[in-house]
Amino acid sequence: MSVVLCIFLAGPPPVLPTPTSRPPVSLEGPVIDQVGLFSPGAVERASKRIAELRQDHGWDLVVETLEEQVDSRHLSGVFNTFERQRFIDRWARERADAALGRKKGLFVLFSRQPEDVRIVAWPDEADVVFPGYMRERMRTDLKPQMRQNPDGALDLAVAQWEGLLGRVKVRSN
């Protein structure tokens, strides 16, 4: 048994398919709540504040909710955690591209299956302004809030976005 396991681990890495579940082109608005995770009042409040921050700072925030993060058929047979995460990260970047397009900012994706939060800086140059450690800290704060109080998670995402923008403004002076 251990010989077979060693051969399996020493074999070539699995070839992952390219993400094919392209998001609809008509993603619009700063909060795209496709599964009704947030109350209408929370969506309205967040959308208004995001528009104000965009006007003041020139950076965008788009929040999207999905029932299922990735079609699990695309990941069948992929047991390597790193490869699975790489696939999901590419998929989230595709969604960010569709949602933000030529804009610059952050894309926050809440999914129910699996229960997760993904945060993408868009375009690639925004990684310098909003580095991975900042986005990971934001993700760590949002994930438990999503389960306990979805409206609170949306409010927190906007508040943290505002805090990040304050840091950008300080650095640009």
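Author: A word on terms before the rings: rings of Phe, Tyr and Trp (its six-membered ring) pair if their centres lie within 6.5 Å, and planes under 30 degrees apart count as stacked, over 60 as edge-to-face and the rest as tilted. This is a predicted model, in which local features need pLDDT of at least 70 and side-chain atom pairs count only at pLDDT 80 or more, while totals for chains, interfaces and linings use all residues. Residues are numbered from 1 along each chain as its sequence is written, and side-chain values use heavy atoms, with hydrogens and water left out.

Reader: How many aromatic pairs does a search of the whole structure find?
Author: The search finds 3 aromatic pairs. W59 lies in the loop between helix 2 (40-57) and strand 2, and F130 in the loop between helix 4 (126-129) and helix 5 (132-148), so the pair ties together parts that are 71 residues apart in sequence. Helices (H or I, at least four residues) and strands (E, at least two) are DSSP runs, numbered from the N terminus.

Reader: And are W59 and F130 buried or exposed?
Author: Both W59 and F130 are buried, where buried means under 20% relative accessible area, exposed over 50% and partly exposed in between (1.4 Å probe, protein chains only).

Reader: How are the rings of F130 and W161 arranged?
Author: Their centres are 5.1 Å apart and their planes stand at 45 degrees, so the pair is tilted. W161 belongs to helix 6 (residues 150-172), 31 residues from F130, and both F130 and W161 are buried. W59, F130 and W161 together form one aromatic cluster.

Reader: What sits over the ring of W59?
Author: The charged end of K104 does, 4.5 Å from the ring centre; the criterion is that NZ of Lys or CZ of Arg is within 6 Å of the ring centre and within 35 degrees of the ring normal.

Reader: OK, switching to the sheet: in what order do the strands come?
Author: The order is 1-2-3-4, in an open sheet of 4 strands with mixed pairing, and two strands pair if DSSP finds at least two bridges between them. Strand 1 (31-33) and strand 4 stand at the edges with a single partner strand each, so one side of each has no neighbour in the sheet.

Reader: Which strands run parallel?
Author: Strand 2 and strand 3 run parallel, joined by 8 bridges, and L66 stands opposite S111 in strand 3. Strand 3 and strand 4, by contrast, pair in the antiparallel sense over 7 bridges, forming a hairpin with 2 residues between them. In strand 4, W122 is the bridge partner of G105.

Reader: Why is strand 3 called largely enclosed?
Author: Because 7 of the 9 residues of strand 3 are buried, it is largely enclosed by the rest of the structure.

Reader: What do the buried residues of helix 3 pack against?
Author: They pack against strand 2 (60-68), strand 3 (105-113) and strand 4 (116-122), contact being heavy atoms within 4.5 Å. Among those buried residues are F87, I88, W91 and L100. Just after helix 3, G101 takes a positive phi of about 55 degrees.

Reader: Last one: where is the place of E68?
Author: E68 is in strand 2, and at 41% relative accessibility it counts as partly exposed.
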